[in-house]
Amino acid sequence: MWKELIRVLGDINAAYEKILVLGKEKHKYLVTVKFAELEPILKEEEKLTDEIRLLENKRQGVLIKMAGANKDLKPGMTMQELIAFAPAPLQHTLAVMHKQLSGKVAEVVKQNDVNSLLATGALDAVTKMLNKLGGASVDATYGKGGETVSHRKKLNINA
């Protein structure tokens, strides 16, 4: 079962690597505000997150089987505590796999945070441009419902 855990951790790590590559590609399109190019990336990301969800379920299943076979294994154990129960030849491999996976997850989280910030900025820029084209402006006064927005009719579009 330990080797099965190592395989699943390797598969999870590979999936996170793919998501990181997609995140960097997404970054490029967010910086240049090319939203049309984002759609295939977002679809691929969705597939990968589904794959990771399945792999995480598989990892949990392996851990449950391992806990059934060894009563010393507890549900709330950290990976470091779990590694201590592994056969000696596999302990180093598990430790390396865990370190790689932790690093990869941290990289993906960092890239996602940067991309979220860029997406928010890009949407703000698009909103400002649409408001400029449509003649909307925020007045310096603050009304009952928040900022006062006025509109000048610039475009005659029936949407």
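1. A residue is called buried when its relative accessible area is under 20%, exposed when it is over 50%, and partly exposed in between, using a 1.4 Å probe and protein chains only. Phe 35 therefore counts as partly exposed, at 34% relative accessibility. Phe 35 belongs to the loop between helix 1 and helix 2. Its C-alpha atom is separated by 9.9 Å from that of Leu 123, although the two are 88 residues apart along the chain.

2. A word on what you are looking at. This is a predicted model, in which local features need pLDDT of at least 70 and side-chain atom pairs count only at pLDDT 80 or more, while totals for chains, interfaces and linings use all residues. Residues are numbered from 1 along each chain as its sequence is written, and side-chain values use heavy atoms, with hydrogens and water left out.

3. Now for the overall plan. The protein has four helices and two strands; here helices (H or I, at least four residues) and strands (E, at least two) are DSSP runs, numbered from the N terminus. Reading from the N terminus, the order is α-α-α-α-β-β. Of the 159 residues, 26% count as buried. The accessible surface is about 11,000 Å², and carbon and sulfur atoms hold 59% of that surface. These areas come from the Shrake-Rupley method with a 1.4 Å probe, and for residues only the protein chains shown count as cover.

4. Among contacts with a separation of 6 or more, 61% are between residues 24 or more positions apart.

5. Next, the nonpolar core, which is a set of buried Ala, Val, Leu, Ile, Met, Phe, Trp, Tyr and Cys residues joined through side-chain atoms within 4.5 Å. The largest one has 30 residues, and the members that touch the most others are Trp 2, Leu 5, Leu 9, Met 79 and Leu 94. Helix 1 (2-31), helix 2, helix 3 (79-83) and helix 4 each supply at least two residues of this core. The largest share, 13 residues, comes from helix 1. As general background, nonpolar side chains tend to be buried together in soluble globular proteins.

6. Not counting residues up to four places away in sequence, Leu 9 touches Arg 59, Met 79, Leu 94, Met 97 and Leu 101.

7. The buried residues of helix 2 are Leu 38, Ile 41, Glu 45, Leu 48, Ile 52, Leu 55, Val 62 and Met 66, and what covers them includes helix 1.

8. Leu 55 is buried, because its relative accessible area is 10%. Beyond residues up to four places away in sequence, Leu 55 touches Val 8, Asp 11, Ile 12 and Ala 15. Leu 55 and Leu 9 are 46 residues apart in sequence, with 8.4 Å between their C-alpha atoms. Leu 63, also in helix 2 (residues 38-69), counts as partly exposed because its relative accessibility is 25%. Apart from residues up to four places away in sequence, Leu 63 touches Leu 5 and Leu 82.

9. Ala 86 sits in the loop between helix 3 and helix 4. Leaving aside neighbours within four places in sequence, Ala 86 is in contact with Trp 2, Gln 91 and Leu 94. The C-alpha atoms of Ala 86 and Trp 2 lie 6.9 Å apart, across 84 residues of sequence.

10. Helix 4 (residues 88-134) holds Lys 104, which counts as buried because its relative accessibility is 15%. Beyond residues up to four places away in sequence, Gln 111 touches Leu 20, Gly 23, Lys 24 and His 27.

Note on methods:
Contact = heavy atoms within 4.5 Å.
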